[in-house]
Amino acid sequence: MVGAALKICIVYFLFAYGDEILLSWQCLTRPIVIAPFIGLVLGDMGTGIKMGAELEAIFMGISAIGGVIAADATLSTVIAVAYTILNGTPMTDGLALAFPIGTVLTSINSLTMSLISNPLAAYWEDLAARDLKAFKVQNFLFAAVMKIIPSLIIFVAVAFGIEGLSKLLASLPPFVMTGLGAASGMMIGVGFAILTSMIWDGEIGIFFFVGYVMAAYMHLDTVAIAILGAAIAITMFFSYKRNIDLKNELLAAGVNANNAAAGEEDFF
Amino acid sequence: MANNYTPSEKKILDKMFLYSHLVFISFSMVKMEANGFTITMSPMLEELYKDDPEAMKEAVARHQQFFNTHAVPFSFIAGLAAAMEKQHKEGKVDGATIENIKAALMGPTAGMFDSLFFNCLRVIAAGIAIGLCRNGNFLGVIIFLLLYGFTQSIAKYLLFHAGYNLGTSFIDQVFNSGLIQVLTKCAGILGLMMVGAMTANMVNIPLNLVVNTTGAEGGAVNVGEIINSVFPGLLGVVALFVMVALIKKGWKPSQLILLIFAIALVGALIHIF
């Protein structure tokens with residue numbers, strides 16, 4: 001367990017530091033990318049890929065609300081995949097666990113943010129004004145430390161927590177795991193609901209149902225729906241743009257006409 | 001893209017473009033992306049104010065102000081700020097103007113690029129990738145990285161140089177013409193279609209309620225199966241819009257999650273699921 005925990009903790013650190021700090025894509029830390037690599041170091045990449053797909057759906061919209069994150073997608077994914085592969089349990093058990101664990105671990109992240117990152121703002125301001133070179137170096141180091149903290153938590157959780165966790169789960173009545181499994185299916189809905197409420201606008205809301213019908217009734221796959229959607233969006237964009245251009249032309253013409261009239265009055 | 005940079009200018013700009021990937025370095029809730037912005041600006045500031053420590057201090061303080069936007073327009077604003085710092089040194093622009101332009105651009109660019117990248121491109125990329133990865137195909141991961149990762153760097157590169165070359169007059173034009181709202185709306189169409197499609201495919205309410213209507217043997221009816229045969233995925237859509245309504249009422253995601261756990265556990269206990 002300790003060896004496996006060390007491998008996982010290194011993968012997590014490389015992805016979290018490399019992506020969020022050095023690339024700012026917020027892309028390599030998505031469940032669908034990191035889960036296969038956790039699977040790879042644990043010797044079961046297939047399970048990693050499949051769990052990554054399910055977890056990506058679960059966390060699709062969860063991290064979307066700025067500042068307040070309900071559960072850390074990356075930490076949840078790492079623990080859920082490690083638990084499933086190391087214990088040899090069915091994928092559904094790991095998926096059911098992802099959310100409760102993610103919620104607990106997220107509170108640790110927001111704790112380090114408010115205890116360490118926030119009070120340092122004045123220090124950075126002072127340092128930047130005095131010595132820009134030291135400011136840069138210390139930023140790189142500090143950001144690394146901020147990613148080492150969750151890496152260590154992952155290490156401890158996997159090395160010493162997983163056996164206890166599986167014993168605890170085995171002692172629970174069976175309806176609890178059924179319930180958690182049902183919850184993970186519905187949890188995907190929370191993310192989509194957040195996304196929908198962010199994008200929703202009365203004028204375009206109907207397109208939600210267009211996409212729904214294409215998938216549920218016409219059984220088109222996602223690439224096909226994306227291409228049709230892009231065609232609609234591009235057509236709409238140019239038709240809106242034509243309206244705006246026309247409005248601007250009219251405005252310009254109107255202003256000129258007024259000026260011309262004013263000029264004539266002056267002339268007479 | 002204009003390529004008439006002097007060699008030293010090109011070197012500074014290349015360095016700034018690389019640094020503009022450090023958006024979230026030492027992120028805090030107090031100043032958000034200010035540290036990343038200061039580092040991104042540093043090559044230009046070091047060049048412009050190398051002989052003037054006082055002006056340097058002022059410039060650094062300008063870019064240590066609170067800053068927060070999406071990672072892609074971050075580069076655009078950095079390019080613009082670099083061009084303005086050059087004009088500031090020539091005495092054409094005062095420092096307060098640079099701060100104001102930065103502050104004015106944060107909100108609209110964040111909204112626009114969130115809807116383009118986060119709510120549209122990411123949802124499409126994930127939708128395609130999830131389909132492949134569910135079957136254990138690693139190609140899905142590569143497609144996700146190409147569509148949602150590399151595109152950001154390409155967009156950052158183009159926008160960084162656009163910001164440096166276009167200047168502020170262009171900004172007034174674009175933001176007052178109404179094109180931004182139109183672009184946001186059209187990205188929203190695509191995003192909503194993908195969310196609708198994925199709700200149909202993925203939101204799964206495993207209703208396992210069996211009702212025996214006739215009382216006779218073999219008269220048991222599975223309610224979930226009937227609903228799905230009449231209106232596929234109806235339960236998922238209803239659940240989704242209930243949650244949307246709750247979010248509009250001010251519910252937090254964590255409250256929704258607790259509600260779902262409660263419903264799922266009680267449901268499992270009384271054998272609905």
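Helix axes here are lines fitted to C-alpha atoms over the stretch in contact, and angles run from 0 to 180 degrees between N-to-C directions. The model shown in every view is predicted.

**Figure 1. Packing of helices α1 and α2 in chain B**. Helix α1 covers residues 7-19 of chain B and helix α2 covers residues 34-48. Their axes lie 7 Å apart and the packing angle is about 160°. The pair α1(B) and α2(B) is therefore roughly antiparallel, given that angles over 145 degrees fall in that class. The crossing of these two helices, α1(B) and α2(B), is right-handed. On the α1(B) side the contact consists of Ile12(B), Lys15(B), Met16(B) and Tyr19(B). On the α2(B) side these residues meet Ile39(B), Thr40(B), Pro43(B), Met44(B) and Glu47(B). By class, the residues of the contact of α1(B) with α2(B) are six nonpolar, one polar and two charged.

**Figure 2. Packing of helices α2 and α4 in chain B**. Helix α4 of chain B spans residues 71-89, and its axis comes within 10 Å of the axis of α2(B). The two axes cross at roughly 30°, so α2(B) is roughly parallel to α4(B). The crossing of α2(B) past α4(B) is right-handed. From α2(B), the contact takes in Phe37(B), Thr40(B), Met41(B), Met44(B), Leu45(B) and Leu48(B). From α4(B) come Ala78(B), Ala81(B), Ala82(B), Glu85(B), Lys86(B) and Lys89(B). Eight nonpolar, one polar and three charged residues make up the contact of α2(B) with α4(B). Thr40(B) and Met44(B) are among the α2(B) residues listed here, and Thr40(B) and Met44(B) are also among those that meet α1(B).

**Figure 3. The loop between α1 and α2 in chain B, at Ser26(B)**. Ser26(B) is located in the loop that joins α1 and α2 of chain B. The phi angle of Ser26(B) is positive, about 45°, although the residue is not a glycine. Ser26(B) has 26 other C-beta atoms within 10 Å and is therefore buried; the cut-off for a buried residue is 20 or more.

**Figure 4. The loop between α1 and α2 in chain A, at Gln26(A)**. In chain A, α1 covers 2-23 and α2 covers 31-41, and Gln26(A) lies in the loop between them. Phi of Gln26(A) is near 50°, which is a positive value in a residue other than glycine. Gln26(A) counts as buried because 21 C-beta neighbours lie inside 10 Å.

**Figure 5. The contact between chain A and chain B**. Chain A gives 86 residues to the contact and chain B gives 93 residues. On the side of chain A that touches chain B, the largest share comes from helix α8 (residues 174-199) of chain A, with 21 residues. The residues on that side of chain A divide into 62 nonpolar, 16 polar and eight charged.

**Figure 6. Helix α8 of chain A against helix α10 of chain B**. Helix α10 of chain B covers residues 234-248. The axes of α8(A) and α10(B) come within 8 Å and cross at roughly 55°, so α8(A) is oblique to α10(B). The crossing of α8(A) and α10(B) is right-handed. α8(A) contributes Met186(A), Gly189(A), Val190(A), Phe192(A), Ala193(A), Ile194(A), Thr196(A) and Ser197(A). α10(B) contributes Gly236(B), Ala239(B), Leu240(B), Met243(B), Val244(B), Ile247(B) and Lys248(B). The contact of α8(A) with α10(B) has ten nonpolar, four polar and one charged residue.

**Figure 7. Chain A as the setting for the views of Gln26(A) and α8(A)**. Chain A has ten helices and zero strands. The radius of gyration of chain A is 26 Å, well over the 18 Å that the globule rule gives for 268 residues, so chain A is more spread out than a compact globule. The C-alpha trace of chain A spans about 95 × 65 × 30 Å along its principal axes. Of the 268 residues in chain A, 43% are buried. Among contacts in chain A between residues at least 6 apart in sequence, those joining residues at least 24 apart account for 68%.

**Figure 8. Chain B as the setting for the views of α1(B), α2(B) and α4(B)**. Chain B contains eleven helices and two strands. In sequence order the pattern of chain B is α-α-α-α-α-α-α-α-β-β-α-α-α. Chain B has a radius of gyration of 26 Å, whereas a compact globule of 273 residues would have one near 19 Å. The C-alpha trace of chain B spans about 95 × 35 × 35 Å along its principal axes. Buried residues form 46% of the 273 residues in chain B.

Definitions and conventions:
Residues numbered from 1 in each chain as written. Chains lettered and ligands numbered in written order. Predicted model: local features only at pLDDT ≥ 70, side-chain atom pairs only at ≥ 80, totals over all residues. Helix = DSSP H or I, 4+ residues; strand = E, 2+ residues; numbered from the N terminus. Parallel < 35°, antiparallel > 145°, perpendicular 65-115°, else oblique. Left-handed = near helix turned anticlockwise from the far one by under 90°. Contact = placed C-beta atoms within 7 Å. Nonpolar A, V, L, I, M, F, W, Y, C, P; charged D, E, K, R; others polar. Rg over C-alpha atoms; globule rule 2.2 N^0.38 Å. Buried ≥ 20, exposed ≤ 12 C-beta atoms within 10 Å, placed from the backbone.
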